[in-house]
Amino acid sequence: MEETSREAVATAVQRVAGMLQRSDQLDKVEQYRRREARKKASVEARLKAAIQSQLDGVRTGLTQLHSALLDVKDIQGSLADVSKDWRQSINTIENLKDVKDAVVQHSQLASAVENLKNIFSVPEIVADTQQLIEQGELLQAHRKLMELECSRDDLMYEQYRMDSKNTSDMNLISIYFEDVQGLSDELAKQLWMVLQRSMVTVRRDPTMLVSVVRIIEREVKIDRRMVDRKKQSGFIPPGRPKRWKDKMFEVLEGTVSTRIEGTQSVTREADKMWLVRLLEITRKYVLDDLMVVKNLMVQCFPQHYDTFNRFFGLYHNAVSSRVKELASEDLEANEIVSMLTWVLNTYKSAEMMGHPDLASECDINALEPLLPQDVVDDLLSKYVKTFTVRTSHTHRNTNFHTLYVGPLFGVPTFSNCKLAKKTCCSSSLSEVWIQTLSDCPYVQSNITGWLRKALETDKKDWQKDTEPEADQDGYYQTTLPAIVFQMFEQNLQVAAQIDGDFKEQVLKLCLKQMNSFLIRYREEAMTYKEEHLRDRQLPQCYVQYMIAIINNCQTFKESINSLKRKYSQSSEPTDSDAAIERTLNEVAKDGCQFLLDEVFLDLEHHLNELLTRKWLMGSHAVDTICVTVEDYFNDFNKIKKPFNQEMTSEALRRVVVEYIKAVMQKRITFKNADERREGADRMIKEADQFKFLFRKLAAGEDTDRLCGAIAAIAEVFKLTDPTLLFLEVTTLVSKYPDIREEHIQALLAVRGDASREMRQMIIGTLSENKVSYSAVTQPIFKDISVPTNTMTTMTSMATAKLLK
């Protein structure tokens, strides 16, 4: 408490010090005092109210505890009185034993007198009952049967009550009434027969079915009464409980199962489409029967039977069992699709269980799957393993391959195929399958084999003497992308009929196989180029078909994106997407490089003339280079974007690099200022020629920079004052920071007038102030090497630099 008081005083002092920091605040001391007094009074009032509330609660609790104690004492007194009365009544109960025995004896005699008439007429009633059963008068027969059973049961019950251990009298009664059990069994057979034919009976004579249900309901009540009496007395008549209601549902279940199992009329050997026919018959039977249940049979059963839902469940279970049996068989690929399409789509559709007339009576979403997921997965895996396609003979139409491509069970799309024209208009998928299987020859193979065959067909076209076909925009192309993706499209259409997840699985499989196929495609393109280099005259249309190969890469990209948009629910990129994109870019890049190699093979002789004495004397090498490049690029204009843009930029880069290589190879050394000026002017002019050409070809934003490298080197050669050479070289290095020391040495060697001291100073200064070129997007000098013979001339200078 003392510590708390001290803390309170310290806090108060701090607050007062905070309020009275200035002299003018002293006038408000009285105001502060009144405000704090009001706060104190408020806090004290709240504390008093809280304490008073707690005290009231305690007082109320004590009062309730006192009242509960008084109630407990009253209850104890009442229990004592009850116990006393119970002890006094025991003697009274024992004195009434004689009266109880007399009552039992009287009851037995009364029962005997009451059943005396029936006892003597048992043979007559049995005969009448048998005759009624044979005549189909089931209600009358059951009424007489109940009379007989009632007489037998009452006699046996009274005998049991009088002497439960007297088995001889019990056996005597049983023997006398032994025909009753036979009548019961005979009547039951008639009832089950009517139930087995309930679908027919309810249409012809619903009253017969109603009579059966009424008889069963009577037996249910008797069973219930006999079971209750057994709980009280321990006696139950022979044959009870009959449980005819349970037996009724067993019979109905068996009837439904038999009806479903009896739908198969043909086998695979007799009819290739046996499964399609079987499933269609099953669909029709189930739908028709459920309509009968809804419209007729529901009225014949009590409402609490929930008749429609019960039959709905019975049919579902029967169909599920039948489908599981079919799934366990060795199904073919087309049969797997038929099965899964029916199970996953047709079954719950408006054509069957989801029919509009049944929708108000049941919830199809509450049904268990017809096939367990593991069985569906096994079927899908089996289908994927046997994933096949059908390929008809190749047709030629204006130099364009049109293939009849489709899955083994797919709808044909080949417009020139007579069979396709006959079946594409068919509205029934099963009819298409029947006609396809019976009329069209086919070869089955897996996707990999089929893609390989498609590629082999495309490779044969590469050797032709005629140019490939062009699309509507004039771009060269082959039929390979159309063939491949038409095949994928057909199989995905079928997969979509089966299940959305399976469709995704098939799409992933297609894309996976596509990546392997593209790797093979790239290898074949390289082989095509190598074969061409052995004899550049063959094939005649090498350039055009290489352009088509490049364009196919863009077509493949567009087709893949189209397939994913159409058949995939996920927009997230996958590993296969990245691999395919990477492989396609590599194929296109290789194709562009092959075409440029072809160009530069033709330019090799003219490139070798650059920066030579012949060039200085007036060679037309650059004019020829520009004309040749432009001529090639008239064909290269048929390359699709973005590859044409990239190829043009690469062509410009390679021309500039080859030109600078000619400088670095020291093919000429200028002897005087006039040669340097003449050579520099020529280099600047030729740089402008390149710039004009590649601007015309739309090489991109780097045209000025790349061509400017030639002009910048020319400025080094053109400089007349050697003392300013360092500044000119520094300017060149600042523009092109990827230039190396050996390049500078080669330039100075070609110039021919740089003194030893000047060379040492330039190289040393550049070495000390080396500029990083990591940010340069397209380095020029990085891949240009300087021949060893050029370096030999600078050995003395390098040695002096190292010694220094």
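Please keep in mind that the model is predicted.

Let me begin with helix α18, which covers residues 447-462. This helix has 16 residues, and 23 Å separate its first C-alpha from its last. That span is close to the 22 Å expected at 1.5 Å a residue.

Which residues of α18 are buried? They are I447, W450, L451, A454, L455, D458, D461 and W462. Viewed down the axis of α18, the buried residues fall within an arc of 140°, so they line one face of the helix. An α-helix has 3.6 residues a turn, so residues three or four places apart point the same way.

I now turn to A454, one of the buried residues of α18. Its relative accessible area is 7%, and because buried means under 20%, A454 counts as buried. Leaving aside residues up to four places away in sequence, A454 touches L480 and I483. A454 and T479 lie 25 residues apart in sequence, while their C-alpha atoms are 9.4 Å apart in space.

Finally, the largest nonpolar core. This core holds 202 residues, and those that touch the most other members are F488, M514, F556, L610, F636, M683 and I780. Helix α21, residues 542-567, supplies the largest share of this core, with 13 residues.

What does M683 touch, not counting residues up to four places away in sequence? The contacts of M683 are L611, W615, Y659, V663, I710, I713, A714 and F717.

Notes:
Residues numbered from 1 in each chain as written. Predicted model: local features only at pLDDT ≥ 70, side-chain atom pairs only at ≥ 80, totals over all residues. Heavy atoms only, no water. Core = buried A, V, L, I, M, F, W, Y, C linked by side-chain atoms within 4.5 Å. Buried < 20%, exposed > 50% of the residue type's maximum accessible area, 1.4 Å probe, protein only. Helix = DSSP H or I, 4+ residues; strand = E, 2+ residues; numbered from the N terminus. Contact = heavy atoms within 4.5 Å. Expected span 1.5 Å × (residues − 1). Arc of directions from axis to C-beta.
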